[in-house]
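Here is a structure to get to know. Have a look at the chains first, and then we'll walk through a few of their features together.

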Amino acid sequence: MSDWPRIAPAGVDGMVVTFAPRLSEPANRAALALRGAIEAARWPEVQETAVSLVSTYLRLDPLADPSGLEERLRRLVGARDWMAEPLPGERRLIRIPTCYDGDHAPQLDEAAEMAGLTRAQAVDALASAPLRVLTIGFAPGQPYIGELPSEWDIPRLRQLTPRVKAGALTVAIRQLVLFAVAAQTGWRQVGQTAARLFDPAAAQPFLLRPGDAVAFPPVDADRLAALMRDPSGGISIEPTAWA
Amino acid sequence: MGLIVLASSAGVTLQDEGRPGWLAQGLSRGGAADPVALAEGAALLGQSTGLAVVELANVPARFRTTKTLRIALTGAPFRATLRESGEDRPLTWNTSHALPPGAELSLSPAEGGFAYLAPAGGIEAPLVLGARSAHLAAGIGRALKAEEELALGPDPGGPVDMVLEPLPRFGGGEVRVVESLQTSAFPPEQMERFRRTTFRRDARGNRMGVRLNPENGMGFEAPGGLSILSEIVQPGDIQITGDGTPYVLLCECQTTGGYPRIATVLPCDLPRVAQAPPGAALSFRFVSRAEGREAMADHARALASLRDSLRPRLRDPAAMADLLSYNLIGGVVSAHHHEDAP
């Protein structure tokens, strides 16, 4: 019998179902689909659910006996081939103009070298790769995006970069993270966008959803400066059938 | 209205119980860094724990009342001074007080930690995604500004000059943890060292987390830890960052992280980490999940019985010029005697 999916406790009040030891597209779809099924089941012990790249998280009532829940969860996980589940509906293609020049991409040379590419090849790869939002996390509305080709399997930095700006495009382990807020990070910054991913005052506070396709077409620094003044950040949103 | 901010800084914010339920959108719960202080303030004032209060993250602030006002002071003990008609007098901590209109309340840090000023009726502010609390890391809300007037909700009414014995959590000490998702990624000898190590709380720290320096200077490392998949994180997770130093995540932490977590602090023990002053010693004891749930149930019972533990404030002997002569002149002092309301 396979070791996966794996069900494990997380802290005193959480459970995590992990579908694979590494990121893969089917495992990401499985995590999204299981979350949907758990939300639909409305188990009384479950206070909140979320997904990560290849796992589904359940936050439980810390005062409730979890044994019944654990049994129901085991049965649900075993009831289906979750890796064969489709992506959630209502996916969109979101184009986010990105500047890969100079100070807007301070670690692009380093990242390209680690990937065995020239700077120009690296920009071309980042701008043309078929990418989608794998999960939202770390900061509000902040996407983990993937999956990049295998040469981009580069580790995080040992020494954190003290600060990247909101809208920074960063790379590590075949993924991109687009920063929702200014933050310190162990990911290498390879571009800058004018994306506003979270607006607490808006009717739709979060721009991106798991499953959305995303692209990062290149723009020069002057164009980025203009987009920074544009509330939309130059971002276009269209429906897509791409999966 | 009721309260005007006279002096503030970046660490002075409105807080409540935070925003649970937005983890899937990447927004951590936030809310008061020390939820026990929120419960203690609510018990002292006889009101809901859901009302908004002012949190001071190891920084001073000053306020003026515009009407008669009941308040409670809880959390890390700060120096509290009330200036009334040109006279200054100290206010006791973990106490409910009645403040007259036009009085000035100064709060300033002593040992460090998070202090709370809870006004009766709570502070009215617009709900953002279901809560009033500022979540500065997420860009929700802002620090309070000087000259700002805080609108208060209706006072449910109740006594003042009540005190409570705060639940023990100040000055560091032993913190209970359970295994995390990545505990097994650390070699056994490192786990043994982690259990034995005394850590000192670093001076750096905020509502997102606090750094802990191992007293022997030896860090921790999970082999391959810099390339693990990003996974959900929760307040209480003890993350080992690239330089080997543990970092305990608090209420305003990120919601996912790629650094391995060596253990997870029980939610009921997290205020002990949040309130440990810089340099305080902290150590970790692993308990089973079942023991952890039992500890959580004990904690819930302790919070529920806070109201029963209130007692009237006794005259503070240190504030009396001469206790002995007072006794001789005044005769028997009743154990239940307490000061007149100001």
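Into which domains is chain A divided? Keep in mind that this is a predicted model. Chain A splits into domain 1 (6–84) and domain 2 (92–239). Taken over C-alpha atoms, the centres of domain 1 of chain A and domain 2 of chain A are 28 Å apart. Each side brings 9 residues to the contact: 9 from domain 1 of chain A and 9 from domain 2 of chain A. Between them, domain 1 of chain A and domain 2 of chain A bury about 730 Å², and 50% of that is on carbon and sulfur atoms. On the domain 1 side, three residues stand out: A:Leu23, A:Asn28 and A:Leu53 supply 57% of the area that domain 1 of chain A buries against domain 2 of chain A, more than any other three residues.

Over to chain B and the nonpolar cores. The largest nonpolar core has 45 residues, and the ones touching the most other members are B:Phe194, B:Ile238, B:Val248, B:Ile262, B:Val265 and B:Phe284. Helix 1 (residues 35–45) of chain B gives the largest share of this core, with 7 residues. Where does this core sit relative to domain 1 (2–166) and domain 2 (173–301) of chain B? It lies between them, because both domains give residues to it. There's also a second, separate core of 37 residues, which includes A:Val51, A:Val77, A:Trp82 and B:Leu229.

Zoom in on B:Ile238 for a moment. Leaving out residues up to four places away in sequence, B:Ile238 touches a list of residues that includes B:Val177, B:Phe194, B:Tyr247, B:Val248, B:Ile262 and B:Phe284.

Chain B also has an open sheet of 7 strands, in the order 7-6-9-4-1-12-11, with antiparallel pairing. Strand 7 (87–90) and strand 11 (123–124) of chain B are the edge strands, each pairing on one side only. Inside the sheet, strand 4 (residues 61–65) and strand 9 (residues 104–108) of chain B pair in the antiparallel sense over 4 bridges. B:Ala61, for example, has B:Leu107 in strand 9 of chain B as its bridge partner.

You'll find B:Glu252 in the loop between strand 19 (246–249) and strand 20 (256–257) of chain B. Its side chain makes a polar contact of 2.7 Å with the side chain of B:Arg207, and a polar atom of the B:Glu252 side chain lies 3.2 Å from the backbone nitrogen of B:Leu136. Beyond its neighbours within four places in sequence, B:Glu252 is also in contact with residues including B:Ser28, B:Gly30, B:His135 and B:Met208.

Most residues other than glycine have a negative phi, and most peptide bonds are trans. These spots go the other way:

| Site | Backbone feature |
|---|---|
| A:Trp4 to A:Pro5 | cis peptide bond, omega near -5° |
| A:Gly146 to A:Glu147 | cis peptide bond, omega about 0° |
| A:Ile173 | positive phi of about 35° |
| B:Asn58 | positive phi of about 55° |

A:Pro5 sits in the segment before strand 1 (6–10) of chain A, while A:Glu147 is in the loop between strand 8 (143–146) and strand 9 (161–164) of chain A. A:Ile173 lies in the loop between strand 10 (168–172) and strand 11 (175–178) of chain A, and counts as buried at 7% relative accessibility. B:Asn58 is in the loop between strand 3 (53–57) and strand 4 of chain B, and at 34% relative accessibility B:Asn58 counts as partly exposed.

How values were computed:
Residues are numbered from 1 along each chain as its sequence is written. Chains are lettered from A and ligands numbered from 1 in the order in which they are written. This is a predicted model: local features need pLDDT of at least 70, side-chain atom pairs count only at pLDDT 80 or more; totals for chains, interfaces and linings use all residues. Side-chain values use heavy atoms; hydrogens and water are left out. A nonpolar core is a set of buried Ala, Val, Leu, Ile, Met, Phe, Trp, Tyr and Cys residues joined through side-chain atoms within 4.5 Å. Buried means under 20% relative accessible area, exposed over 50%, partly exposed in between (1.4 Å probe, protein chains only). Helices (H or I, at least four residues) and strands (E, at least two) are DSSP runs, numbered from the N terminus. Domain bounds come from an automatic or database domain assignment. Contact means heavy atoms within 4.5 Å. Two strands pair if DSSP finds at least two bridges between them. A polar contact is a pair of N or O atoms within 3.5 Å; within protein, one must be able to donate a hydrogen and the other to accept it, and residues adjacent in sequence count only if both atoms are side-chain atoms. Buried area is the accessible area (1.4 Å probe) that two parts lose on being put together, summed over both.
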